[in-house]
Amino acid sequence: MILAREAIELLGQMARILWFEGTKHGLRDREWMALRFLSRANRFSRTPSALASYVGTTRGTASFIIGELERLGYLERQRSATDKRSVTLSVTQQGKKFLVRDPISVLLEPIAVLDDEAKIRFRDTLRHVLDQADAAEQRHHTDVCKRCIFLREDRTATDGKPGAAEFSCRLFRAPIAEAEIDLLCTSFEHHRQ
Ligand code: SF4
């Protein structure tokens with residue numbers, strides 16, 4: 001148990017790099033979190049309500065964060081052609097360039113130099129901990145589409161050979177492009193044993 005406690009203490013200290021007082025490069029910690037998330041989120045999660053759920057805040061606070069990021073030119077919103085009340089948020093080119101200054105780089109760089117096996121083990125350990133915590137607290141965390149219980153993969157055989165994979169989401173009843181399966185989704189649910 002002592003090793004587990006040590007690991008959690010270290011995680012807590014890492015969290016201080018993510019959550020800080022004041023601003024870094026002009027953004028507060030929640031604004032950084034929002035910009036980082038929106039640069040990695042799929043189209044279903046690039047909405048004000050999904051952002052509020054990810055950041056763990058109210059819709060009002062999420063609107064304020066969106067407004068700030070828009071004012072700085074890092075974010076833009078598009079209204080849906082079919083439903084004018086529905087809005088999709090996108091990180092602008094300027095926002096993508098600004099992300100190189102993300103304060104989490106000090107955590108990313110030491111992880112990036114590990115060999116692939118160590119990186120995969122590190123990532124999978126964190127996932128395992130989150131999955132178990134979700135099960136204990138009956139909640140779910142945001143994760144990549146390719147691990148989601150709702151993702152369906154079809155391969156249509158042609159001439160007896162398996163065809164290219166086609167993906168769809170059973171929750172949103174919509175096709176998913178292959179490039180989207182590595183993106184984050186706040187409606188993600190993992191397979192429970
Ligand atoms: S399959 Fe899951 S993660 Fe992917 S879009 Fe649907 S709900 Fe989101």
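The entries below go from the ground rules to the cores.

**Ground rules.** I am working with a predicted model, where local features need pLDDT of at least 70, side-chain atom pairs count only at pLDDT 80 or more, and totals for chains, interfaces and linings use all residues. Residues are numbered from 1 along each chain as its sequence is written, and side-chain values use heavy atoms, with hydrogens and water left out.

Helices (H or I, at least four residues) and strands (E, at least two) are DSSP runs, numbered from the N terminus.

**Positive phi.** Histidine 25, in the loop between α1 (2-18) and α2 (29-38), has phi near 55°. Arginine 173 has phi near 50° and sits in the loop between β5 (165-169) and β6 (174-176).

**Cores.** I looked for nonpolar cores, meaning sets of buried (under 20% relative accessible area, 1.4 Å probe, protein chains only) Ala, Val, Leu, Ile, Met, Phe, Trp, Tyr and Cys residues joined through side-chain atoms within 4.5 Å. The largest has 23 residues, and Trp32, Leu35 and Leu51 are among those with the most contacts inside it. α2 gives the most to this core, with six residues. A second, separate core of 12 residues includes Phe44, Phe150, Cys169 and Ile181.

**Leucine 35.** Beyond its neighbours within four places in sequence, leucine 35 is in contact (heavy atoms within 4.5 Å) with residues including Leu27, Tyr74 and Phe98.

Definitions and conventions. Buried < 20%, exposed > 50% of the residue type's maximum accessible area, 1.4 Å probe, protein only.
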